[in-house]
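Biologist: I am new to this structure. Please take me through a single part of it in detail.

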Amino acid sequence: MRIILFGAPGAGKGTQAKRLETALGIPQLSTGDMLRAHVRNGTDLGREVDAIMRAGHLVSDDIVIRMIAERIAAPDCTGGFLLDGFPRTVPQGEALDRMLAERGLVIDAVVGLDVPDEVVRDRIVQRRSCPKCGAVYHLSKLPPKVADTCDRCGTKGLEQRSDDTLEKVNARLEKFHKETAPLVQLYGPRGLVKTVDGMSPPDEVFESALRMLGVAKLAKRPALARPSARTASPRTPTARKPAPRTAVRAPAGKPARTVKARAAAAKKATKTKKATKAKKATKTKKATKTKKATKTKKATKAKKAAASRKPRSAAGKQKPARRR
Ligand code: AP5
């Protein structure tokens with residue numbers, strides 16, 4: 001599956017991309033993360049884009065198109081990918097179409113995250129992220145369990161992005177409405193845009209996104225390891241097929257069973273157990289009764305026999321021996 005995550009800065013693209021890449025087994029390709037890695041590593045490209053990003057402006061189309069063209073040619077993208085932050089302009093969208101067409105590929109879905117601007121401002125100003133693994137937090141809504149410490153890797157000292165100030169977010173929002181929003185006209189007529197309410201809690205947004213993508217909900221969702229896009233990890237090229245909606249993971253080698261079937265089987269087992277117990281109890285009771293009856297019968301018979309052997313005298317005394 002080749003998916004575009006679309007939305008304003010702070011709409012939750014990165015948050016959902018991490019969940020979706022784990023669930024679908026396809027890599028997240030975040031142009032923002034790639035550019036920030038260049039800045040961090042002090043590459044020529046990093047030096048070139050640093051000031052642009054700090055100002056909340058868009059990096060030139062040429063740079064990001066080249067970056068994405070290289071990235072989607074990597075082996076871990078053969079089974080699909082999730083684009084986060086790209087395309088951001090109509091020329092970028094058209095360039096993406098061309099590079100996919102060269103490979104005989106197309107975009108399968110555009111998942112739009114709908115969040116009002118005032119919420120975006122709050123989210124961005126309160127966002128903190130782990131400098132090591134890239135996990136993202138919101139100081140009041142999605143805080144780490146231990147203050148200033150990453151839940152996932154334990155790194156202390158969560159960071160605020162240099163472009164995450166109110167002034168910069170306003171500039172970024174302006175760019176979004178002017179240059180990125182028109183992309184809907186590119187994908188809308190193809191019937192690819194599926195909009196999700198980005199205001200719900202992240203897990204609910206995730207479930208909605210899965211539904212929109214036509215991927216059944218995972219009954220028992222795997223632990224959201226949320227690997228970082230910065231530490232590129234090898235991924236399975238083919239998308240993992242999630243279990244059907246009501247399926248419960250079956251032990252290895254055993255067929256999957258539905259929740260309903262499991263409940264019915266458990267009920268039947270309890271019923272059988274109860275019936276067996278009751279049968280056993282009746283059997284034991286009967287056996288005890290029979291044993292008792294046999295014993296009583298035997299005792300009565302013995303008593304009768306003994307009585308018949310006794311002398312007939314009323315006193316029951318023995319006759320004196322005859323004198324000679
Ligand atoms: P980029 O890194 O792509 O930034 P962005 O698009 O502005 O998006 P963000 O990363 O800020 O937000 P997000 O939607 O990922 O939200 P997140 O999940 O983190 O780009 C940065 C810069 O790089 C650009 O300004 C530009 O200069 C350059 N650039 C990148 N790509 C480019 C391109 N293609 N062309 C040109 N230039 C490019 O969530 C935000 C916060 O909200 C977090 O705190 C999170 O915890 C919280 N949150 C998320 N979901 C929820 C929820 N459902 N409920 C409550 N809180 C939530």
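Which elements do the buried residues of α1 pack against?

Modeller: A word on the model comes first. This is a predicted model, in which local features need pLDDT of at least 70, side-chain atom pairs count only at pLDDT 80 or more, and totals for chains, interfaces and linings use all residues. Residues are numbered from 1 along each chain as its sequence is written.

Now the helix. The buried residues of α1 pack against β1 (2-7), β2 (28-30), β3 (81-84), β4 (109-114), β6 and α9. Helices (H or I, at least four residues) and strands (E, at least two) are DSSP runs, numbered from the N terminus. Eleven of the twelve residues of α1 are buried. Buried means that 20 or more other C-beta atoms, placed from the backbone, lie within 10 Å of the residue's own. Among them are K13, G14, T15, L20 and L24.

The length fits too. The twelve residues of α1 should span 16 Å at 1.5 Å a residue, and the end C-alpha atoms are 15 Å apart, which agrees. The expected span is 1.5 Å times one less than the number of residues. Just after α1, G25 has a positive phi of about 70°.

Next, the ligand. Of the 37 residues around the ligand, P9, G12, G14, G32 and G85 come nearest. A residue counts as near if its C-beta atom, placed from the backbone, lies within 6 Å. Elements giving two or more residues to this shell include α1 (13-24), α2 (31-41) and β6 (136-138).

Last, confidence. The protein chain has a mean pLDDT (the predictor's confidence in each residue, from 0 to 100) of 81. Of its residues, 77% reach 70 or more.

Notes
Contact = placed C-beta atoms within 7 Å.
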